[in-house]
Amino acid sequence: MYGHIFELTRKHLESLITAKFGAQSAQTRANRIFEGLYGRGKVPEWQPQFPEQTHLGTLEYLRSGYSFELPMTVSRCETSAMDGSSKLVMTLKDGLEIETVLIPERGRLTQCLSTQVGCAQGCRFCQTGRMGLLRSLTVSEIVGQVVVAELWRRTQQGVVAEYDRATNLVFMGMGEPLDNLQSVLDAIEIFTDTQGLQFSHNKITVSTVGLLPQLDTLLSSAKTCLALSLHSPFDAERSKVMPVNVRHPVADVIALLRSRAESYGRPYMIQYTLLKNVNDTADHAHALAQLLAGLKVKINLIPLNEHEGAAFRRPDLSRLWQFRDILKEHGHVVTVRLSKGRDIAAACGQLIKSGKPAAGLSSDQPM
Ligand code: SF4
């Protein structure tokens, strides 16, 4: 076996078919295979039903080299009694576990995806960071989260089952997506392929702590939305909370965002987790506002979701509102994320053993 069929973008598939059968009709054959796998946005029942016109020889050839089995199974699920969010624990073929979360909200169903088992970045407020990195996920394990969650959803009742399909994807589960960039880019290509899962680029958000070379690549090659986890405007303090800042200081990251702002075109999302008496003061709010002055951003404030053994505390709400008001006085657009799924440990910063933190499980409420 060379790998899993979900590893292949349509371009890769077409080159394989061309190499084996020649260029004639390779594109059509690749289209048919994609349609069979991903149902043009409506994931078909598994095993995939391939259209009759699919060349049997092509299928036979692919099945001899690639696995068509689903790359993971749903081993546990918890649904929030507070808001209907569902956290799925998925077991991979090697027995490791990851988590993905489905978040229903105001007509959208957002799926939060993991990109690694654990994470090497070691942000101090994050449960996943405490696990260290076990390994990165393959393209098929990233794509598989969407396919498997979709099939699982159809067997359920309740809020998440009411949607036709997930409407938004956020790379904010376990792991730092830019530490697994090529797999993330290939998965995005499959998610957005018109013969694939048919998500539009502006419904996909990639979150990062700001790894500079990879961020540059992402901004120049993908058309998806970007969320930067910032968490402190002060270099020394940010380095203590987020070790990545030692290698990639926040000023350099913001300078890159400024240089790409025109071609990016949209507001950048800035994630700011408020930690009680650490980064939630008026000075922090003013410094953050100045750091981002002139840059088109939407600042998302996230009061920390406390978890067992956490080194930080959730701030008082009065601090949160004061922080928001200062940013607004500086003219910034601010939302407050009152995280979803807190009662099932599926909120930002609570995923572990599988899951992560940082951004996805949000209830972004414009305030
Ligand atoms: S916040 Fe994100 S980048 Fe930081 S340790 Fe957690 S998963 Fe990794």
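1. Q198 sits in the loop joining α6 (181-192) and β10 (204-208). Helices here are DSSP runs of H or I with at least four residues, strands are runs of E with at least two, and both are numbered from the N terminus. The phi of Q198 is near 60°, a positive value in a residue other than glycine. Most residues other than glycine have a negative phi. Q198 counts as partly exposed because it has 15 C-beta neighbours inside 10 Å. The cut-offs: buried means 20 or more other C-beta atoms within 10 Å of a residue's own, exposed means 12 or fewer, and partly exposed lies in between, with C-beta atoms placed from the backbone.

2. A word on the source. This is a predicted model, in which local features need pLDDT of at least 70, side-chain atom pairs count only at pLDDT 80 or more, and totals for chains, interfaces and linings use all residues. Residues are numbered from 1 along each chain as its sequence is written.

3. N277 also has a phi near 60°, again a positive value in a residue other than glycine. The loop between β12 (268-274) and α11 (282-291) holds N277. With 11 C-beta neighbours inside 10 Å, N277 counts as exposed.

4. Overall make-up. The chain has 12 helices and 15 strands. Of its 367 residues, 49% count as buried. Take the contacts between residues at least 6 apart in sequence: 68% join residues at least 24 apart. A contact means that two C-beta atoms, placed from the backbone, lie within 7 Å.

5. Helix α7 covers residues 212-221, and its buried residues are L215, L218 and L219. Seen down the axis of α7, these fall within an arc of 95°, so they line one face of the helix. The arc is taken over the directions from the helix axis to the C-beta atoms. The face turned away from the buried side carries the exposed residues P213, S220 and S221. What covers the buried residues of α7? The cover includes helices α6 and α10 (250-264), along with strands β10 and β11 (225-229).

6. A255 belongs to helix α10. It counts as exposed because it has 12 C-beta neighbours inside 10 Å. A255 and L295 are 40 residues apart along the chain, and their C-alpha atoms are separated by 10.0 Å.

7. Helix α5 (residues 139-153) meets α6: their axes come within 8 Å and cross at roughly 40°. Axes are lines fitted to C-alpha atoms, for helices over the stretch in contact, and angles run from 0 to 180 degrees between N-to-C directions. The two helices are therefore oblique to each other. Under 35 degrees counts as roughly parallel, over 145 as roughly antiparallel, 65 to 115 as roughly perpendicular, and the rest as oblique. V139, I142 and V143 of α5 make the contact with S183, V184, D186, A187 and I190 of α6. These residues divide into 6 nonpolar, 1 polar and 1 charged. Ala, Val, Leu, Ile, Met, Phe, Trp, Tyr, Cys and Pro count as nonpolar, Asp, Glu, Lys and Arg as charged, and the others, Gly among them, as polar.

8. Helices α1 (residues 10-21) and α2 (residues 26-38) have axes that come within 9 Å and cross at roughly 130°. They are therefore oblique to each other. The crossing is right-handed. On α1 the contact uses R10, L13, E14, I17, T18 and F21; on α2 it uses A26, Q27, R29, A30, I33 and F34. By class, that gives 7 nonpolar, 2 polar and 3 charged residues.

Key
A crossing is left-handed if the near helix is turned anticlockwise from the far one by less than a right angle, and right-handed if clockwise.
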